[in-house]
Amino acid sequence: FRRIKEYWPIEFFGFTKNGNAILFGQLKDIKPKEFMEEFDTNEIKRFYVDFVQEGIQLQKLSNTPPLRRPEENKWKRQVEIYDMNGISMKQLHIKGLLVLKEVLGSGQFLFPENVEKTYVINAPWYFSGAWNVIKHALDKETANKMTISRGDCRKEFIELLGDEGLVDEMMTSIKK
């Protein structure tokens, strides 16, 4: 688990103003070729399941008093933000994308309705080819929860977090 985490540029950031856990990652730091050489698909799947379970623990926290008010009847899920600023075409390695497709498909099966919303920001024009591979692993409802933008979605994030300072902190964290 720790060995894979060294290659994993995705972390939990905190919570939205509504209490959804935030997962973010700066994907320019991912090295799919090295990742695929170091770990097999089963190791990656096991890691991903453990990682998602960490997120579920945060969701449980946000769904427990005092963070969850008695009048709230909707389960708080997670919001995922993936920044593609600086990612190269080389990083959209086909074998890595195929494993990602398989892992996401397994995650969706094991953890249905875990995600409230997913943002892929600063997506370069060539990401559309990778998206055509990835989206086939997702059911239609999940794919519809995704926003893919060539911009940084700053206005949406201010609304989501409810605090411009937190957005600045998140964007700074993402750009490290």
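Helix H4 gives the largest share of the lining of the largest pocket, 8 residues. Before going on, note that this is a predicted model.

The space in that largest pocket is about 990 Å³. It is lined by 44 residues, and the closest to its centre are Tyr 48, Tyr 82, Leu 100, Leu 104 and Ile 134. Besides H4, the elements that give two or more residues to the lining include helix H3 (41–62) and strand E3 (78–83). By class, the lining has 31 nonpolar, 9 polar and 4 charged residues.

Next, the second largest pocket. Its volume is about 190 Å³. Of its 13 lining residues, Asn 18, Asn 20, Lys 74, Lys 76 and Glu 116 are the closest to the centre. Strand E4 gives the largest share of this lining, 3 residues. Here the classes are 4 nonpolar, 4 polar and 5 charged.

Glu 116 brings us to salt bridges. Side chains of opposite charge can pair when their charged atoms come close. The whole structure has 10 salt bridges. In one of them, Glu 116 pairs with Arg 77, with the closest N and O atoms 3.0 Å apart. Glu 116 is in strand E4 and Arg 77 in the loop between H3 and E3, 39 residues apart, so the pair links distant parts of the chain.

Are these two partners buried or exposed? Arg 77 counts as buried because its relative accessibility is 14%, under the 20% cut-off. Glu 116, at 22%, counts as partly exposed. Both belong to a network of salt bridges that also links Lys 74, Glu 113 and Lys 145.

Key. Residues numbered from 1 in each chain as written. Predicted model: local features only at pLDDT ≥ 70, side-chain atom pairs only at ≥ 80, totals over all residues. Heavy atoms only, no water. 1 Å grid on protein atoms, 1.4 Å probe; cavity = no way out; pocket = protein on both sides within 12 Å on 5 of 7 lines; lining within 4 Å. Points joined across faces, edges and corners; volume = space filled by probe spheres on them. Helix = DSSP H or I, 4+ residues; strand = E, 2+ residues; numbered from the N terminus. Nonpolar A, V, L, I, M, F, W, Y, C, P; charged D, E, K, R; others polar. Salt bridge = Lys/Arg side-chain N within 4 Å of Asp/Glu carboxyl O. Buried < 20%, exposed > 50% of the residue type's maximum accessible area, 1.4 Å probe, protein only.
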